[in-house]
Amino acid sequence: MTEVITIANFKGGVSKTTTTVMFAYILSELQNKKVLCVDFDPQANATEILNKTFSEPVKAASNSFINGIRNMNLHIATTKLSKNLDILESNWDLSLFPEVAEDYGKDKQYLVLQALLHNVKSDYDYVLIDTPPTLSVFTNNAILASDYVVMVMQSQQQSYSSSIKFVSYLQQLRKDYKAKFDLLGIIPCLMKNTGAVDKEILKEAKKSLGNAMLINIIYNRERVKRFGKSGISNKDLWDTRTINMYDIVLKELLNRIQERDK
Ligand SMILES: Nc1ncnc2c1ncn2[C@@H]1O[C@H](COP(=O)(O)OP(=O)(O)OP(=O)(O)O)[C@@H](O)[C@H]1O
Ligand SMILES: [Mg+2]
């Protein structure tokens with residue numbers, strides 16, 4: 001069965017893209033799963049990092065993502081980065097997506113990606129969708145195409161407040177569209193090992209968001225920044241430790257999926 005997972009939060013710069021590409025890397029390279037990464041953000045950061053990671057794609061797409069959308073055919077827009085990892089690459093022209101979606105009418109404009117993925121998702125074990133930092137036609141389409149939403153939350157007051165609002169937003173969207181997606185979990189991100197304020201905010205978040213908060217944490221690590229700049233690598237001890245930090249969080253999320261599937 002394919003699991004479609006959106007990584008989101010309407011706050012910017014909280015590590016959505018980094019989390020998406022790290023999960024895509026771990027699932028495809030280390031766990032031998034078939035993965036489609038959907039870069040659904042015209043900023044194209046996920047595309048950039050994965051292109052640096054897999055600098056020689058197995059097969060490049062013949063069309064852009066936006067053309068794939070216009071033609072209702074994602075196959076023509078899929079780039080094969082490695083044996084197990086495919087990507088729908090973003091580009092600035094993806095910013096035209098809201099106009100394309102609008103043509104489907106008020107009721108259907110948020111269900112375009114769901115319809116598109118319906119035809120291709122069975123090729124994959126996981127479809128991971130990266131989203132822009134806005135409540136937009138992009139984010140709504142991503143969420144409504146998903147089985148699960150994973151939120152990333154930075155240990156800052158503003159990020160905590162945004163996360164609370166985002167949870168309410170998800171509940172409303174689920175109700176309005178009679179959708180079936182679940183909030184799989186909230187990942188505490190960019191924690192400084194020793195930050196007292198970070199710890200206080202995390203405690204507060206656990207109180208109000210309860211079980212939605214994951215137990216495992218993503219810490220602020222220089223090596224993650226390096227991955228952003230030069231691509232993900234798994235060559236030395238620091239690479240391995242960094243990948244491991246994400247792997248532990250990913251395992252916690254996958255365990256939750258297993259529990260729910262039971
Ligand atoms: N665990 C981490 N340790 C150190 N730096 C990190 C970590 N996670 C992300 N970063 C850095 O933080 C910055 C923002 O991360 P990222 O681009 O993933 O956030 P985002 O939520 O996708 O941003 P946007 O809202 O613009 O899409 C990047 O420079 C990234 O390299
Ligand atoms: Mg991003």
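## Overall build

Of the 262 residues in the protein chain, 42% come out as buried. Keep in mind that this is a predicted model.

The protein chain holds ten helices and seven strands. Its radius of gyration is 17 Å, close to the 18 Å that the globule rule gives for 262 residues, so the chain is as compact as a globular protein of that length. Along the principal axes, the C-alpha atoms take up a box of roughly 50 × 45 × 35 Å. As for who touches whom, take the contacts with a separation of 6 or more: 77% of them link residues 24 or more positions apart.

## Around ligand 1

Ligand 1 has 18 residues around it, and the closest are Gly12, Thr17, Thr18, Pro133 and Gly228.

## Helix α10

Helix α10 covers residues 237-261, and its length checks out: at 1.5 Å a residue, its 25 residues should span 36 Å, and the end C-alpha atoms are 35 Å apart, which agrees.

Which residues of α10 are buried? They are Thr242, Ile243, Tyr246, Val249 and Leu250. An α-helix has 3.6 residues a turn, so residues three or four places apart point the same way. The buried residues of α10 pack against α1, α9 and the strand β7 (182-189).

Terms used: Residues numbered from 1 in each chain as written. Chains lettered and ligands numbered in written order. Predicted model: local features only at pLDDT ≥ 70, side-chain atom pairs only at ≥ 80, totals over all residues. Near = placed C-beta within 6 Å. Helix = DSSP H or I, 4+ residues; strand = E, 2+ residues; numbered from the N terminus. Rg over C-alpha atoms; globule rule 2.2 N^0.38 Å. Buried ≥ 20, exposed ≤ 12 C-beta atoms within 10 Å, placed from the backbone. Contact = placed C-beta atoms within 7 Å. Expected span 1.5 Å × (residues − 1).
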